[in-house]
Amino acid sequence: MTLHNEPKRDHPDPPARETLRLRVGWLPLLIGVAGLAVIAMIAFALHASSTTDSAPVNLVISNQMSDILEVNPLMTLGTPAPAFTLTDQRGATEALSSFAGKSVVLTFGDDKCTDLCTLLAEDVLAADRDLGANQNHIQFVSVNANTFYPSVAATKAWTDSHGLGHTANWHFLTGSPKGLTALAKKYGVEVDLDSKTRTIDHGTEVFFISPTGDEEQIGDFGTQSANTAEFSHSMAQLATEMLPAGQQDKVGGPSGTGSVLTDSAIGSTPPPIELPSLDTRIPSTTSAYRGKYVAINFWSPVCSICVHELPAVQRAAESLGGSATVIGVDVSDPGGAGKAFAAKLGAAYPMLSDAKGSVAAQYEIPGLPFTVILDPKGKVVVRHPGEMTAEQLEYILNTLKTEAPAGS
């Protein structure tokens, strides 16, 4: 399944909503600093006119948060979110008004998705942990975009299989195909249906809705979401800032988004990895693969999850062919057991030995498994903690290649 990163523009949209959806990175190029000031003034006027019965939300959005969530730090939208009445995975009827007085993080999901939507589940779980006492005031809501499978049983199965079954403030909503289609259009979310395969492509917008029912920000759930610690922390922080000041408790997670890492943070270009190879027939440095996207998967033979992940990474490597490179790094394995471990699991992609864990420390790997993706110039574009499926790895690499600027 493919997920669109940009909303479709073939239907009427309120002016403030459309203004907000201009991506942050394009704004200076399109209109310059003076233009930004003008738009900010217009947005403020629109916000004031639409929220006369409530105090405006004052969001504090850092540059790091705006980058990872792809929100606009210069303005708060403050327009009423389209209403809905649907059924969640528990069979309960939920309306947008049901969440009045709480912040809502709203997405559109696919109840048959096995790739990026899986990352959404991981991010919601991590964000919920970061929320702490704020959990009671924040709801994570996803609307089913897959009208081929609109049943409550399908949304419940997806919820349970992705570890969200016991998350009280998670709601995977569904309804009639006609109603779901209409709601996606109201929110400006593109959904493309393939009746032959009964699969869908859908937009990845993240809507931050205030306790008064207003859309305050619209972000994007793209490949940056693979950096679970930072994306989930940012999502939890922004949702918390929409609450009244008296309800806001400290959000856990990274002390400063993007500030924990040094030379291996997203956007940095760390030195090439130079390590002995588990197989002397292959290059022992990542610099040999410059010119391609490279996925570096850190693992260990004592990692129980890696028993499942290494075969998945092998499938992804086979599917990608020569279009991208997958490298394994056996961490803290001075006895060299990794070679036999990898061979037993059929992992035949290039493997390097980080016997002392020095490279894992340089990349500030918090646990195993962990995957870092470098672009063709060696820049870090994804940091993903935990297990990664073949579908996730293929999706992320294929998306990065598709979206790469010409000549990169």
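1. Let's start with a term: on a 1 Å grid over the protein atoms alone, a cavity is a set of points where a 1.4 Å probe fits but cannot get out, and its lining residues have an atom within 4 Å of a point. This is a predicted model, in which local features need pLDDT of at least 70 and side-chain atom pairs count only at pLDDT 80 or more, while totals for chains, interfaces and linings use all residues. Residues are numbered from 1 along each chain as its sequence is written, and side-chain values use heavy atoms, leaving out hydrogens and water.

2. How many cavities of 30 Å³ or more does the structure hold? There are two. Ten residues line the largest cavity, and Thr107, Phe108, Leu120, His202 and Phe221 lie nearest its centre.

3. Strands β5 (103-109) and β9 (199-203) and helix α4 (116-131) each supply at least two residues of that lining. Here helices (H or I, at least four residues) and strands (E, at least two) are DSSP runs, numbered from the N terminus.

4. Now for the second largest cavity, with a volume of about 30 Å³. Its lining includes Arg290, Tyr289, Pro376 and Gly378. Arg290 sits in the loop between α7 (228-241) and β12 (293-299). Arg290 also touches Pro270, Pro272, Pro376, Lys377 and Gly378, not counting residues up to four places away in sequence; contact means heavy atoms within 4.5 Å.

5. The cut-offs are under 20% relative accessible area for buried, over 50% for exposed, and partly exposed in between (1.4 Å probe, protein chains only). Thr167, in the loop between α5 (152-161) and β7 (170-173), counts as buried because its relative accessibility is 7%. Thr167 touches Arg90, Leu125 and Asp128, again leaving aside residues up to four places away in sequence.

6. Finally, look at strand β14 (residues 351-354). Met351 and Ser353 point one way from β14, Leu352 and Asp354 the other way, and all are buried. In a regular strand the side chains alternate between the two faces of the sheet. Strand β13 (residues 324-331) runs parallel to β14, and four bridges join them; two strands pair if DSSP finds at least two bridges between them. Asp330 has Ser353 as its bridge partner in β14.

Technical notes. On a 1 Å grid over the protein atoms alone, a cavity is a set of points where a 1.4 Å probe fits but cannot get out, and a pocket is an open set with protein on both sides within 12 Å along at least five of seven lines; lining residues have an atom within 4 Å of a point. Grid points are joined across faces, edges and corners, and a volume is the space filled by probe spheres set on the points.
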